[in-house]
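My entries follow the model shown here.

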Amino acid sequence: MTERDIPKVINISLEYPELAWSETLFLKEIHNPNSISIVTEHENQIIAYLCARVVIDECHLQNLGVSQYYRGKGIGTALMGELINRLAPFNASRIFLELRKSNDAALRLYKKMGFQIVAIRKQYYCNPTEEGILMLKTIHEDIYCITSDTTPDAGMRP
Ligand SMILES: CC(C)(COP(=O)(O)OP(=O)(O)OC[C@H]1O[C@@H](n2cnc3c(N)ncnc32)[C@H](O)[C@@H]1OP(=O)(O)O)[C@@H](O)C(=O)NCCC(=O)NCCS
């Protein structure tokens, strides 16, 4: 993700208000050496993005969004696979993330990627009030270098 990508990334994030970050927040991610910020492009358009932060040996998924038209095509799976690949130099051993209990698509994506539910946080989200699910995936060295299928011609870059 580069500074030029941010307006399009913000547009995608606005499709799911929970993810709507300000320009300042995305800028902080881009310039933080412990952050991993990836975009997926298709026909020169940004169609998805992911932001994660590494703290010591833990990675925290901060933000993930796929533009509505491109959902259900494997792009979220590919971005999560790419995140795992990019964690190798950090020697991160775990990835944590949180999501709304009602977010079925995300829950299925993360379960498919091997995440497990480790805690339910009551009244974690507001507007509307809802439980949060905390998920964890433990990373082993042998799973770095995941390859995943994605929309033909869609490519990822920092
Ligand atoms: C969650 C999200 C990132 C998934 O991205 P995606 O590119 O659509 O996901 P994929 O196509 O890789 O699908 C991965 C799995 O998610 C599940 N899934 C995807 N879309 C789904 C839907 N509409 N309903 C139920 N499950 C769904 C499926 O299990 C799918 O695996 P399968 O195709 O093998 O069955 C996307 O729906 C999105 O941007 N949602 C709004 C933002 C959001 O919720 N972000 C996560 C916040 S924690």
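The model is predicted, with local features requiring pLDDT of at least 70 and side-chain atom pairs pLDDT 80 or more, while totals for chains, interfaces and linings use all residues. Residues are numbered from 1 along each chain as its sequence is written.

Ligand shell. Of the 20 residues around the ligand, Arg71, Gly76, Thr77, Ala105 and Arg108 come nearest. By class, the shell divides into 9 nonpolar, 6 polar and 5 charged residues. Helices (H or I, at least four residues) and strands (E, at least two) are DSSP runs, numbered from the N terminus. At least two shell residues each come from β3 (58–66), α3 and α4 (104–112); α4 gives the largest share, 6 residues.

Backbone. Most residues other than glycine have a negative phi, and most peptide bonds are trans. I found a cis peptide bond between asparagine 127 and proline 128, with omega about 0°. Proline 128 sits in the loop between β5 (116–125) and β6 (130–138).

Asparagine 91, in the loop between α3 (75–86) and β4 (94–100), has a positive phi near 55°. Glutamine 123, in strand β5, also has a positive phi, about 50°.

Exposure. A residue is buried with 20 or more other C-beta atoms within 10 Å of its own, exposed with 12 or fewer, and partly exposed in between, the C-beta atoms being placed from the backbone. Asparagine 91 counts as exposed because it has 11 such neighbours, and glutamine 123 counts as exposed because it has 9.

Key: A residue is near a molecule or strand if its C-beta atom, placed from the backbone, lies within 6 Å of it. Ala, Val, Leu, Ile, Met, Phe, Trp, Tyr, Cys and Pro count as nonpolar, Asp, Glu, Lys and Arg as charged, and the others, Gly among them, as polar.
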